[in-house]
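Here is a friendly walk through one protein chain, from its overall build to a few individual residues. Please keep the structure open while you read.

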Amino acid sequence: MNARPNPSGHARLRAGRRSIPGQVYLLTTCCAGGWKRFAEHPAAHEAARTLAQPCAWGDAGLLAWVLMPDHLHLLIQLEEQPLGRVMQQGKSRIAVAVQRIEQAPPPFWQPAFHDRALRSEEDIRRAARYLVANPLRAGLVDEIGAYPYWDAVWL
């Protein structure tokens, strides 16, 4: 038996992960090496444009997102595709789009991502508020509306 009781690193992020159709997930993925790939407008603009394309996330519904200088937060509702596949597809599309204009060497993203299944409507509202307030908490802007790289279906 090779199972480790306390997995670490990427294995810990995958431990207990379930892909449940209809489930809403709060997701975070980071740029490789902590690189602030989205600190500059052209890269952030291209990533935001790609995020907004319905095909970027397979059959999952993108409910809200915020693009920070070195990471991305998403609120996604799964359909039939598993969570890992949805994230792989979305991260790949963003990386390809940004690397067309940036010519930066790979890797683009860290291979893992953090996920949390949201259980109630209140959890979803709380997560959406958390997402859109992230740039404010990080000190990137003085008011939420001043940050250009976010969106939510509730607007």
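Helices (H or I, at least four residues) and strands (E, at least two) are taken here as DSSP runs, numbered from the N terminus. This is a predicted model, in which local features need pLDDT of at least 70 and side-chain atom pairs count only at pLDDT 80 or more, while totals for chains, interfaces and linings use all residues. Residues are numbered from 1 along each chain as its sequence is written, and side-chain values use heavy atoms, with hydrogens and water left out.

**Overall build**

The chain has four helices and five strands, and their order along the sequence is α-β-α-β-β-α-β-α-β. Buried means under 20% relative accessible area, exposed means over 50%, and partly exposed lies in between (1.4 Å probe, protein chains only). By that rule, 43% of the 155 residues count as buried. Contact means heavy atoms within 4.5 Å. Of the contacts between residues at least 6 apart in sequence, 70% join residues at least 24 apart. Accessible areas come from the Shrake-Rupley method with a 1.4 Å probe, and for residues only the protein chains shown count as cover. The chain exposes about 8,600 Å², with carbon and sulfur atoms supplying 54% of it.

Let us turn to α2 and α3. Helix α2 covers residues 41-51, and its buried residues are Ala43, Ala44, Glu46, Ala47, Ala48, Thr50 and Leu51. Their cover includes β2 (61-67), β3 (71-77) and α3 (83-102).

In α3, the buried set is Leu83, Val86, Met87, Gln89, Gly90, Lys91, Ile94, Ala95, Ala97 and Val98. An α-helix has 3.6 residues a turn, so residues three or four places apart point the same way. The cover over the buried residues of α3 includes β1 (24-30), α2, β3 and β4 (114-118).

How far apart are the end C-alpha atoms of α3? They are 28 Å apart, which agrees with the 28 Å that its 20 residues should span at 1.5 Å a residue; the expected span is 1.5 Å times one less than the number of residues. After α3 comes Gln103, whose phi is positive, near 55°.

**The largest pocket**

On a 1 Å grid over the protein atoms alone, a pocket is an open set of points with protein on both sides within 12 Å along at least five of seven lines, whereas in a cavity a 1.4 Å probe fits but cannot get out; lining residues have an atom within 4 Å of a point. Grid points are joined across faces, edges and corners, and a volume is the space filled by probe spheres set on the points.

The largest pocket has a volume of about 160 Å³. It is lined by 14 residues, of which Leu51, Ala52, Leu62, Trp65 and Val153 lie nearest its centre. The elements that give two or more residues to this lining are β2 and β5 (150-152), and β2 provides the largest share, four residues. The lining divides into eleven nonpolar, two polar and one charged residue. Here Ala, Val, Leu, Ile, Met, Phe, Trp, Tyr, Cys and Pro count as nonpolar, Asp, Glu, Lys and Arg as charged, and the others, Gly among them, as polar.

| Pair | Apart in sequence | C-alpha to C-alpha |
|---|---|---|
| Leu74 and Tyr25 | 49 residues | 7.9 Å |
| Asp151 and Ala52 | 99 residues | 8.5 Å |
| Ala39 and Asp70 | 31 residues | 7.5 Å |

Leu74 is found in strand β3 and is buried, with a relative accessible area of 0%. Leaving aside neighbours within four places in sequence, Leu74 has contacts that include Leu26, Leu51, Trp57, Met87 and Leu131.

Asp151 lies in β5. It counts as partly exposed because its relative accessibility is 34%. Not counting residues up to four places away in sequence, Asp151 touches Leu63, Ala64 and Trp65.

Ala39 sits in the loop between β1 and α2, and its 47% relative accessibility makes Ala39 partly exposed.
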